[in-house]
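Let's take a walk through this protein together, one piece at a time. Have the sequence and the model open beside you as we go.

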Amino acid sequence: MLKLHQIYIRKSLSLFIFLSILMTAIFYYWIRDFYLQKTKEELLKDIELIYLIAKENRDFNALALKIKKDLNLRITFILEDGDILAESDKDKKYMDNHKNRPEVVIARLEGFGYSVRHSNTLNKELLYVVKRYKIGDETIYIRLAKPLNEINESLFYLVLRVVGVIVLFAVMLFLIFYKIGLDIEREIQTILRFLKSLIKKRRVFEIDSNFSKEFSQIAKLLSKISRILTKQENYREKYLSKLEASNREKENIISAISHEFKNPIAVIEGYSQTLLEDEIDERIRERFLKKISKNAKKLVKMIDTLRLAVKLEDKKQSINFKEFDIYESVKEVIEDLKESFKDREIILKGESLFIKGDKILMEIVIKNLIENALKYSEDEVFVFVDKEGISVKDKGIGIKEEEIKNITNKFYRSDKNVWSNSLGLGLFIVSNIIKLHGFRLEIQSILNKGSIFSVKFTS
Ligand SMILES: Nc1ncnc2c1ncn2[C@@H]1O[C@H](COP(=O)(O)OP(=O)(O)OP(=O)(O)O)[C@@H](O)[C@H]1O
Ligand SMILES: [Mg+2]
C-alpha cells in the first residue's frame, strides 16, 4: 500500500501538469484577444488621421506609399463599388474587386469593420481594419492591415514568460503541498505509534501535536482515552487483587470455621465410639454422655451464632421492641455465665432500669460482652448499669489501638486469641444489634491493662 506522500505525488503531479497546460492555453487566448483588440483600436485611430490628411490632399497613391514607408502598414483605399483607388503593397491594376471582402461588407453596413484572414496579395495572415468616409462626393473605404505574425511573435515571448511564471508557481505550490503532506504523514505516524503502544499496553499517557487545530484536538482526545484506559486498567488490577485478597480471606475463614467445628465433632465422635465399643462403668458412661451433650450444645450454639450473623448482615433479623428491665436481664445473663465460668468473679453495679428494646437480642449483646471479658482476662469482671448505658470492664489482655477499629468486623479474631470455639462473630453481632436499637458501642482498651466495652443508650 502507498504512503500518504506517495499518493499525494501521484495525484497532484498529474493535476498540476493538467492545470498548467489549461491555464497557459486560457491565458494565451485571452492575451491574444486583448492584443487584437488593442491593435484594432490603434489602427482605427491611424485611419482617422489618414482620413484627415486624405481629405486635404487627394493624392491617394502618394499617401499610400508614404504611410507604408512611415508606419510600415499596408493601406488600401477602396471605392464604393469595390474597385481599388490606391494600394501601398501592390499595383492596383493587378488587384481584384474588394466589394465582397468581409471587413468591407461590414463597414458598408456599420461604418467600420474588421477581419482576420489570409491575404492572397501578401500571402500571410493579416488583421484588416476598415472605415467608411465621404471625401468630396465619393464614398471611400480606408483600410489598414497589419501582419499577424508580428503579433504572434511578440505574443509567443509574452506567453513563454507567463508560462514560466505559472510553472514556477505550480512547482512552488507542489512543494508546499508536498511538505504539508510529509508533515501530516509524520503526525499520523506519531498517532499510529501511540495507538500501537496503547494496544500493547505500554503505559503511554500523553501525545501532543501543534501541527493544526484538528491534530491537536485528536491528540488531546487520544491522551484522554489513554488516561481513561490506564485508569480502568489500574482499577481492574486493583479490583482483581482485592478479589484475590477477599477470596484468600474467605478461604481462611472457612478453614478457621471448619476447624472450630471439628473440635466438638471429634469429641462427640470419640466418646460415642468408646461408648459403643467398650464395656464401660455406669459412672464413666454418664460422664461421657455429659461430654457428648456439652459438645453438641457447643455445636448448636455455633450454628445459632452463624445464623444470627447472617440474618443481621442480610437485614432479615426482626426486632421486637418492648419495655423491659435491663438490670434484671444482666443479672440473668451473669447467672447463666457463672455456670460455664465457675471460678470467675463478676461484679454487678447498678439498679433496676427500664429501657425499650428487644429483650432477647439485648441479652445476646450483654452475654457476648461479659463472655469476652471473661475469655480475655483472668481477674474479676465488672458490669455497670445506669441511665447512660451498660459497661463491661475487665483487667485482661486488652487490644492494640490499631486493632480496635477492626474487632467488630465479621470473623475478626486477634492473633493472640487462643480460645477454641470462637468464631470472631460475637462483636459483629453485638454491633449490629446495637445499631438496630439506635444505640452506640464504645470501646476503650489498653494493651495488657484491660478493656471497657460500653453500650450507650444515646446514639
Ligand atoms: N474484652 C476483650 N479483651 C481483649 N480482646 C477482646 C475483648 N473482646 C474482644 N476481643 C478481641 O476481639 C476479637 C473479636 O471478638 P468477638 O467477640 O467478635 O470474637 P470471639 O470472641 O473471638 O469469638 P465469638 O465471640 O464468635 O465466640 C476477639 O477474638 C479478641 O481478640
Ligand atoms: Mg466473643
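Before we start, one convention: helix axes are lines fitted to C-alpha atoms over the stretch in contact, and angles run from 0 to 180 degrees between N-to-C directions. Please also keep in mind that this is a predicted model.

We can begin with the overall layout. The protein is divided into domain 1, covering 4–159, and domain 2, covering 318–456. Taken over C-alpha atoms, the centres of domain 1 and domain 2 are separated by 127 Å. We will visit them in turn.

Start with an open sheet of five strands, whose order is 2-1-5-4-3 and whose pairing is antiparallel. Its edges are strand 2 and strand 3 (112–119), each of which pairs on one side only. On average, neighbouring strands of this sheet are turned by 20° against each other, direction ignored.

Now look closely at one end of that order. Strand 1 (residues 74–79) and strand 2 (residues 84–87) run antiparallel and are joined by three bridges. Within this pairing, Ile78 has Ile84 of strand 2 as its bridge partner, and Phe77 stands opposite Ala86 in strand 2. Strand 1 and strand 2 make a hairpin with four residues between them, and in the turn Gly82 has a positive phi of about 100°. As you follow the side chains, remember that in a regular strand they alternate between the two faces of the sheet.

Two helices lie across these strands. Helix 1 (residues 4–56) lies across strand 1, strand 3, strand 4 (124–135) and strand 5 (138–147), and runs at about 40° to strand 4. Helix 3 (residues 102–110) lies across strand 1, strand 3, strand 4 and strand 5, but its run makes about 175° with strand 3.

Next comes another open sheet, with five strands in the order 7-9-10-12-11 and mixed pairing. Here the edge strands are strand 7 (346–350) and strand 11 (440–446), each pairing on one side only. From one strand to the next, the twist averages 10°. Strand 11 pairs with strand 12 (residues 450–456) in the antiparallel sense over seven bridges, and Arg440 stands opposite Lys456 in strand 12.

Which strands does helix 7 touch as it packs on the sheet? They are strand 7, strand 9 (381–385) and strand 10 (389–394), and the direction of helix 7 makes about 175° with that of strand 7. Helix 8 packs on the sheet as well, touching strand 7, strand 9, strand 10 and strand 12, with its direction at about 20° to that of strand 10.

Finally, see how these helices meet. The axes of helix 7 (residues 326–340) and helix 8 (residues 359–375) come within 9 Å and cross at roughly 50°. Because of that angle, helix 7 is oblique to helix 8. The crossing of helix 7 and helix 8 is right-handed. Residues of helix 7 in this contact include Ile326, Val330, Val333, Ile334 and Leu337, while those of helix 8 include Met362, Ile366, Ile370 and Leu374. The residues of the contact of helix 7 with helix 8 divide into nine nonpolar, one polar and five charged.

Notes. Residues numbered from 1 in each chain as written. Chains lettered and ligands numbered in written order. Predicted model: local features only at pLDDT ≥ 70, side-chain atom pairs only at ≥ 80, totals over all residues. Heavy atoms only, no water. Pairing = 2+ DSSP bridges. Parallel < 35°, antiparallel > 145°, perpendicular 65-115°, else oblique. Left-handed = near helix turned anticlockwise from the far one by under 90°. Contact = heavy atoms within 4.5 Å. Nonpolar A, V, L, I, M, F, W, Y, C, P; charged D, E, K, R; others polar. Domains from an automatic or database assignment.
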